[in-house]
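Take a look at the model shown here. The text walks through its interfaces.

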Amino acid sequence: MDFKVTPVIDQVGIEERVARFNSRSIKKQTKVSCLKLALNIIDLTTLEGKDTEGKIKQMCYKAMHPADDITGLPTVAAVCVYPTYVGLAKKTLGNSGVKVASVSTAFPSGNSTREIKINDTKFAVDNGADEIDMVISRGEFLKGNYNFVFDEIAAIKQACGAARLKVILETGELSTLDNVRKASDIAIYAGADFIKTSTGKIQPAATMPVTLVMLEAIKDYYNKTGITIGMKPAGGISTAKGALQYLVMLYETLGPNWMSNEWFRFGASSLANDLILQLAKEQKGVYYSKDYISID
Amino acid sequence: MTASNFTWEYAPAPEAKDHAKIKKQYDLFINGQFVKPQSKKYFETINPANEEVLAQVAEANEKDVNAAVTAAKTAYDKYWKKLSGAERAKYIFRIARVIQERSRELAVIESLNGGKAIRESRDFDIPTAANHFFYYAGWADKLEYAFPNRTPQSLGVAAQIIPWNFPLLMAAWKIAPALATGNTVVLKPAESTPLTALKLAEIIQDCDLPPGVVNIITGFGNTGAAMVNHPQVNKIAFTGSTDVGKIIQKAIAGTDKKLTLELGGKAANIVFEDAPINQAVEGIVNGIFFNQGHVCCAGSRLFVQEGVADEVISKLKARMDTLIVGDPLDKNTDIGAINSKEQLEKIKSYLKIGVNEGLEIFQSDACALPKKGFFCKPTLFIGAAQSNRVVQEEIFGPVLTIQTFRTIEEVIEKANNIPYGLSAGVWTDKGSKIFNLTSKMRAGVVWANTYNKFDPTSPFGGYKESGFGREGGLHGLMPYVKF
């Protein structure tokens, strides 16, 4: 593959397509099932220097029991933590089915040596991480050193073993949609199971235009090879309405096969509570006070 | 891969229509009043999505046309031509504001009467119509700056005949520049879609325009002919078919009536292999399926460079699987109803012609049509040739022909090899290729990496049998003034 030549993107066209998705109207049963799906595909995330064991434990409980007073709610897909909390999260979640994802490779900057990044990854996997969220070396990418980026992803994929690899492009630092497409192709061909927009530490984080470009890369790869790649927009998706718009885009771009937490995730922390609020409204007919919803 | 069993259908999301007030019967709007037609005749106007009658509309005969033209002439001589530009502008601004205020009602009526999806009438037709009035209101007191060192003068009475594909928007395109330049107007909407024009008559009444400055009369071809032939008409503006355009041109030969024609089209939409393919596919869809393909500038002939032809066609088919055809009032509908039974028959006859010409036809299996009303599946004809009738003739429906090409010279020659010349589209990542191609296309509008973009500030009009004269922008003032 020559990654100097990747498909070009027209930004105006992408933005117009996104505007079309956002004008779709989702109502009634469709809305309820989409809200539940949205909850079920969340990677509930805390990635802060001030994280504590208590906070991790509470978040894990929330992941398994989003709101017990509302019937028929699914769990979230996974919790996403720093490598040092993987063991604790794994133990707390037990056999609930909720996965543990760990960021790695000198998250969020990615500025470290390959050896340290590999060890970072192995540490997380050894502690029981089911999924690894790595960051690419944006500096090397922007220099045009695409082979470096490719090789690094391939090396981390190897270090993952059975764990699934999500590759964070940090699109907020890539500056153009052409670059987003190029980075998506590099990650996919180098062995990513998922491609992911952002660390959440850089603004802008996930946007619909960026996500659409990445979904198109996934679609083109699937058309060419028959291999499915997952997608994870992360950061900046905090409302149920916004989440539904992403699901419309996913449905109309990739179709029903991607509509599960096997192949699509939201990286988010506050989204879950807005989904719970909307689902509660659908069941009870009125809006709750937010005081009724736990903020773990 | 584990297939998810998650599927959905968008639940119906119909726009409410109870706030849209449609009278049972509409008279002719002449001299500021709704008056009974001297013909004493009325005709039905229907909703093409369910064939239900919406209202009875008056049919103007020669006497009615004479009354309307006389009212316009009197208003011109006694009042309108003496009014300052700034005063005219106030009225035009007022119309723009009221269109905005009543945009929801106008959008619903536009979709009810014309069959177009509410998404389009709400987001495109009505706002753009208001914008045209705003734009030309701004010119009314600045005409000497539009034509420096010349003294633009108004013409008199403008007879304006508009088509059924963008009923209110076409009325705005015609009325706004005519009023801004100091002319008075007799407008006839198409017989199948008169309701928003009649709503506009109510708006004009509410705006207190001097009586007779704008007259709106309804009827068929005979009514239009009487308008064209009336001796007191100074200017004719027609948008519609090339056949009728030719008849008008013959009818006014030897008179000093000024004429603008905006006629048919058969635009080439050209995709090079270095184009942003996914966005080009979206542009192809917007180019041909916008307003059910009832667009004179629709990108109805697709030319794809051979290296990407398979990719473009397969992506186009996949995209067509997600298009929702159905109830025009549903907010999720992408493609609404065909405007009339007559038009549906015409499109169907071309589908037969294409199949008989041996072309590969594609219609999405995922596309379900409502049982009632006039609907047509979006259609591709693959492997078309320049000599096919479906390539040569304007279909005015959701039907796209696909041809491949190898070199830029070849595609320019083929794109221009048609009696029409209204619009074209080009898709490539390379700027120099765009400029090379656009300078050689015999088309009034060429879009690059987009399609069907309209703005009041931008002139629009054709070459060859697509007509002459420009509407929109500074150029749109020209047909309504003399020096």
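This is a predicted model: local features need pLDDT of at least 70, side-chain atom pairs count only at pLDDT 80 or more; totals for chains, interfaces and linings use all residues.

Residues are numbered from 1 along each chain as its sequence is written, chains are lettered from A and ligands numbered from 1 in the order in which they are written, and side-chain values use heavy atoms, with hydrogens and water left out.

Start with chains A and B. In chain B, 33 residues are in contact with 33 residues of chain A (contact means heavy atoms within 4.5 Å). The size of an interface is often given as the accessible area lost when the parts come together. Chain B and chain A bury about 2,900 Å² between them, with 50% of it on carbon and sulfur atoms. Buried area is the accessible area (1.4 Å probe) that two parts lose on being put together, summed over both.

Five salt bridges are counted between chain B and chain A. A salt bridge needs a side-chain nitrogen of Lys or Arg within 4 Å of a carboxyl oxygen of Asp or Glu. A:Arg17 and B:Glu282 meet in a salt bridge at 3.2 Å, N to O. On the side of chain B that touches chain A, helix 4 (118–139), helix 10 (277–289) and helix 11 (309–321) of chain B each give two or more residues. Helix 10 of chain B gives the most, with four residues. Helices here are DSSP runs (H or I, at least four residues), numbered from the N terminus. By class, this side of chain B has 12 nonpolar, 10 polar and 11 charged residues. Ala, Val, Leu, Ile, Met, Phe, Trp, Tyr, Cys and Pro count as nonpolar, Asp, Glu, Lys and Arg as charged, and the others, Gly among them, as polar.

Chain B is divided into domain 1 (25–262) and domain 2 (268–448), with bounds from an automatic or database domain assignment. The C-alpha centres of these domains of chain B lie 31 Å apart. In domain 1 of chain B, 25 residues are in contact with 24 residues of domain 2 of chain B. The two domains of chain B bury about 2,000 Å² between them, 57% of it on carbon and sulfur atoms.

How many salt bridges does the rule find across the interface of domain 1 of chain B and domain 2 of chain B? The rule finds one. B:Asp334 forms a salt bridge with B:Arg119, the closest N and O atoms being 4.0 Å apart.
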